[in-house]
Structures are given as C-alpha cells and as structure tokens.
Amino acid sequence: MKSKTEIREQIENAEMLLIGLGEEFDNVRLFGKEERYQRTRKRMEEGDIEWMIPAYQDLLRREKNDPLGELLQNFSRLIGEKNYFVVSTSTNSVISLTPWREGRLVMPCGNGRRKQCAHGCAEAVSDLTGEEEKRLRGFLLSLEKGEATPQEGRALLGTCPVCGEPLILNNIYTGAYDEKGYLEQWGGYTRWLQGTLNRGLLVLELGVGLQCPTVIRFPFEKITFYNQKAFLYRVNETLYQLTENLREKGCPISENSVDWLQFLC
Ligand SMILES: [Zn+2]
C-alpha cells in the first residue's frame with residue numbers, strides 16, 4: 001500500500017485532477033441503522049415527499065457532528081489552485097458548501113439546498129432561502145416525532161409562480177427530478193474533460209458504488225483506460241475491485257473513502 005506522502009506527492013505532481021465523490025459521502029453509516037431514521041424515511045417514501053430525504057440526512061449528520069464538512073475543507077485546501085473538477089453523486093449538502101474553485105463542482109443527483117417546481121418549470125429552480133431551510137428543519141423534526149404528517153409537508157416550500165404546482169427539493173429522490181438544476185455545470189464538466197486528453201491525469205474515485213455507476217464509476221474507468229498518462233485510485237469499503245484492463249493503471253483501496261480522506265488530509 002502506498003504511503004500518505006506518496007499519494008500526496010502524486011496529487012502535487014498531477015497536471016489535472018478528476019475527483020468523484022459517491023454514496024459513501026452520504027455518510028449514512030452515522031445513523032442508517034437507527035429505528036427513527038428508517039421509520040421517518042419510510043413515511044417520506046409512502047407520503048410522496050421522498051425529495052426531503054437529503055435534507056433529513058443533512059439534519060442527522062449535523063446532529064451527529066459529522067466532521068465531513070471540515071474534512072472536505074481541508075481537502076479543498078490540499079488541492080488548492082490545481083486544475084481539478086469534482087463530480088458528486090452524493091447529495092450531501094456540505095459538498096456544495098465546500099470552497100472548491102469557482103465552477104469546478106457538479107452534483108448531478110442534486111441535494112437538499114435547491115428547490116424546483118414539481119411540474120418542471122425552468123424558472124423555478126433556485127436556492128432555498130435561510131427562512132425556508134429553517135422551516136424545513138422544523139417540519140422534519142416534527143415528522144420524526146410523529147407530530148406532523150407527510151401531507152402537511154407537500155407544499156412546505158410554497159408553489160410555483162408559473163404553474164401553481166408545489167415547489168419541492170431538487171434531487172434524484174423524486175420521480176419529478178428536474179435535471180435543469182445542474183446542466184450548466186455539467187456542460188462545464190464535459191468541456192473540462194475534453195481538455196484532459198493526453199495530459200497527466202490523476203483520477204480519485206472515492207466511495208462510488210453501483211447506485212448510479214453511469215455517472216462516475218464507468219466513465220472514470222473509460223477515461224483512465226484511454227488516457228495514456230492517467231492513473232486511477234478507487235477507494236471503497238466494499239466495491240474497490242478494478243477491472244482487468246486497468247490493473248497497470250490503477251490502485252484499488254479497500255477502505256471507507258471518508259476514513260481514507262481523513263488519513264490523507
Ligand atoms: Zn411550475
């Protein structure tokens with residue numbers, strides 16, 4: 001296994017850095033086995049407010065004093081002004097709050113900090129206000145205690161000024177997920193990727209499993225395979241295996257990627 005210093009040197013020397021953050025960054029291990037989480041999540045799914053799941057997870061992580069926000073800040077300092085891009089399929093809001101370089105983050109699965117129209121009107125995609133975040137937190141706590149019904153949460157964020165449908169959070173947990181919420185950043189990402197060809201590219205795939213492998217996992221394998229100067233680290237607690245054709249161009253690490261990042265930073 002490579003030492004911390006060796007990996008840090010590799011990051012330092014890389015011309016370009018591609019970073020993928022996956023489901024391990026939801027850090028559900030902090031509360032996933034708790035009965036109240038499972039019960040509340042089930043109520044959200046059955047009550048047609050599953051779009052609140054990322055906001056509920058944000059709330060629980062905060063309650064557990066999850067150190068991930070601070071860890072990501074340290075990591076963003078470590079990679080500083082390097083030429084990097086971060087793609088996250090985790091919906092953890094602290095990823096969007098990390099001081100990455102301007103325009104170098106895309107979250108194709110959304111998160112719990114933006115809203116959209118349930119009907120998909122483009123005009124409605126915007127960030128939550130502080131007041132709305134507070135109202136949402138209050139509702140989630142009441143729902144967990146059984147003092148509020150899912151029904152009462154459906155129009156919690158108001159209605160769309162264009163069509164009058166309820167406003168909901170902009171993330172993949174809803175069947176009505178409006179992808180317009182991230183398309184602009186995605187365009188920046190694909191342009192950046194085109195510029196990686198034949199450049200020294202270090203790929204860090206952290207905690208990406210098979211929940212939506214077509215966004216990070218499979219494309220990262222392909223990018224690494226076709227770029228002569230690319231090298232891939234795949235860090236994952238269970239799904240760390242590399243495909244045969246990447247044996248010489250990658251290094252699998254069987255560790256939870258959040259713990260690994262803690263070791264690195
Ligand atoms: Zn609308």
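**Helix crossing, domains and core of the predicted model**

Helices H3 and H6 run roughly perpendicular to each other, because angles of 65 to 115 degrees count as roughly perpendicular and these two axes cross at roughly 85°. The structure in question is a predicted model. In it, H3 covers residues 53-63 and H6 covers residues 130-145, and their axes come within 10 Å. On the H3 side the contact is made by Ala55, Tyr56 and Leu59, and on the H6 side by Leu136, Arg137 and Leu140. Two packed helices are described by just this pair of values, the angle between their axes and the distance between the axes.

H6 also holds Glu144. Leaving aside residues up to four places away in sequence, Glu144 touches Arg36 and Thr40. Glu144 counts as partly exposed because it has 18 C-beta neighbours inside 10 Å, and the cut-off for buried is 20 or more. Leu193 is 49 residues from Glu144 in sequence, and the two C-alpha atoms sit 42 Å apart in space.

Zooming out, the protein chain has 10 helices and 9 strands. Its C-alpha trace spans about 55 × 40 × 30 Å along the principal axes. How does the radius of gyration fit in? A compact globule of 265 residues would come out near 18 Å, and the protein chain has 19 Å, so the two agree. Buried residues make up 38% of the 265 residues. As for contacts with a separation of 6 or more, 69% of them link residues 24 or more positions apart.

The contact between them takes 7 residues from domain 1 and 11 residues from domain 2.

In soluble globular proteins, nonpolar side chains tend to be buried together. Here the largest nonpolar core has 59 residues, and Met52 and Val203 touch the most other members. At least three residues of this core come from each of domain 1 and domain 2. With residues up to four places away in sequence set aside, Val203 touches Leu18, Phe220, Ile223, Thr224, Ala230, Phe231, Leu232 and Tyr233.

Strand E8 (residues 230-235) is where Arg234 is found. Is Arg234 buried or exposed? Arg234 has 27 other C-beta atoms within 10 Å, so this residue is buried. Its contacts, not counting residues up to four places away in sequence, are Glu205, Tyr240, Leu242, Gly250, Pro252 and Ile253. One of these, Ile253, is 19 residues from Arg234 in sequence, with 6.0 Å between the C-alpha atoms.

A couple of loop asparagines have backbone angles worth a look. Asn27 is not a glycine, yet has a positive phi of about 50°. Asn27 is in the loop between strand E1 (16-21) and helix H2 (35-46), and counts as buried because it has 22 C-beta neighbours inside 10 Å. Asn198 is likewise not a glycine and has a positive phi of about 60°. Its place is in the loop between helix H8 (183-194) and strand E7 (201-206). Asn198 has 12 C-beta neighbours inside 10 Å, so this residue counts as exposed.

The loop between H8 and E7 holds Leu197 too. With 13 other C-beta atoms within 10 Å, Leu197 is partly exposed, since the cut-off for exposed is 12 or fewer. Leu197 and Asn227 are 30 residues apart along the chain, and 6.1 Å separate their C-alpha atoms.

Finally, helix H10 (residues 257-264) is where Asp259 is found. Asp259 has 14 C-beta neighbours inside 10 Å and therefore counts as partly exposed. Between Asp259 and Leu167 there are 36 Å in space, C-alpha to C-alpha, and the two are 92 residues apart in sequence.

Notes:
Residues are numbered from 1 along each chain as its sequence is written. This is a predicted model: local features need pLDDT of at least 70, side-chain atom pairs count only at pLDDT 80 or more; totals for chains, interfaces and linings use all residues. Helices (H or I, at least four residues) and strands (E, at least two) are DSSP runs, numbered from the N terminus. The radius of gyration is taken over C-alpha atoms; the globule rule is 2.2 Å times the number of residues to the power 0.38. Two residues are in contact if their C-beta atoms, placed from the backbone, lie within 7 Å. A nonpolar core is a set of buried Ala, Val, Leu, Ile, Met, Phe, Trp, Tyr and Cys residues joined through C-beta atoms within 7 Å. Domain bounds come from an automatic or database domain assignment. Axes are lines fitted to C-alpha atoms, for helices over the stretch in contact, and angles run from 0 to 180 degrees between N-to-C directions. Angles under 35 degrees count as roughly parallel, over 145 as roughly antiparallel, 65 to 115 as roughly perpendicular and the rest as oblique.
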